[in-house]
Amino acid sequence: MKDIFSLALICEIAAEFRAVDISFDADAFIARSMEGLNKLELTGRAAHIADAMRVYLPARFAEAAAVIEASLGPELPPTGKIGGAALRYMPHVLFVRKYGLDDYEAAMRVQAELTKRFTAEFSIRAFLVKYPERAYEQMLVWADDDNAHLRRLASEGMRPRLPWAPRLRTFQHNPHPVIELLERLRDDPVPYVRR
């Protein structure tokens, strides 16, 4: 799976950013992303590309998030099948998790769009840790959203334990908010959300 993060994909990502931001230095981004990439495993590669994004996307997170959002492809159908093509957005999600924590509003907007193409359950957790009440209120809003991807993010993002992600210790110690949210979703009409 790690081989999805290859020169070909990095060139695609660079072209997508360049198409919406003519100041984006695609060649430098590609070169930086490729440095040492072959020595890394899947999540290491995604994090490495996210760090290259930090260098070449606009310095202000809100502007970088706008470029990311404008560069995204079409939404996935809400089936729960996240294949290799969707993994291409893992660097984008890790970028938001690492560099978006101080711009809550912009980070929430871009995560809402990213989760429709991959999943933002890995990045949203950092916001639940830093802004537990505010982020929880956002999860309640998403639990009632018309978009199945956002409803799924509300439940998956709130899981106290999630593979490949840090634990949400606050919700381990007090699971009542998680239970309240799951009660809203347990009869969801979309199996992808219920699972």
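## Basis of the report

The model is predicted: local features need pLDDT of at least 70, side-chain atom pairs count only at pLDDT 80 or more, and totals for chains, interfaces and linings use all residues. Residues are numbered from 1 along each chain as its sequence is written, and side-chain values use heavy atoms, with hydrogens and water left out.

Helices here are DSSP runs (H or I, at least four residues), numbered from the N terminus.

## Helix 1 and helix 2

Helix 1 (residues 7-20) and helix 2 (residues 26-34) have axes that come within 9 Å and cross at roughly 145 degrees. An axis is a line fitted to C-alpha atoms over the stretch in contact, and angles run from 0 to 180 degrees between N-to-C directions. The crossing is right-handed, meaning that the near helix is turned clockwise from the far one by less than a right angle.

Contact (heavy atoms within 4.5 Å) involves Leu-7, Ile-10, Cys-11, Ile-13 and Ala-14 of helix 1, and Ala-26, Phe-29, Ile-30, Ser-33 and Met-34 of helix 2. By class, nine of these residues are nonpolar, one is polar and none is charged. Ala, Val, Leu, Ile, Met, Phe, Trp, Tyr, Cys and Pro count as nonpolar, Asp, Glu, Lys and Arg as charged, and the others, Gly among them, as polar.

## Helix 4 and helix 7

The axes of helix 4 (residues 61-71) and helix 7 are 9 Å apart, at an angle of about 15 degrees. Helix 4 is therefore roughly parallel to helix 7, a term for angles under 35 degrees.

Helix 6 (residues 90-99) is largely enclosed by the rest of the structure, because seven of its ten residues are buried. Buried means under 20% relative accessible area (1.4 Å probe, protein chains only). The buried residues include His-92, Leu-94 and Phe-95.

## Ser-155

Ser-155 lies in helix 10 (residues 148-158). Not counting residues up to four places away in sequence, Ser-155 touches Leu-181, Leu-182, Leu-185 and Val-193.

Notes: Helices (H or I, at least four residues) and strands (E, at least two) are DSSP runs, numbered from the N terminus. Buried means under 20% relative accessible area, exposed over 50%, partly exposed in between (1.4 Å probe, protein chains only). Angles under 35 degrees count as roughly parallel, over 145 as roughly antiparallel, 65 to 115 as roughly perpendicular and the rest as oblique.
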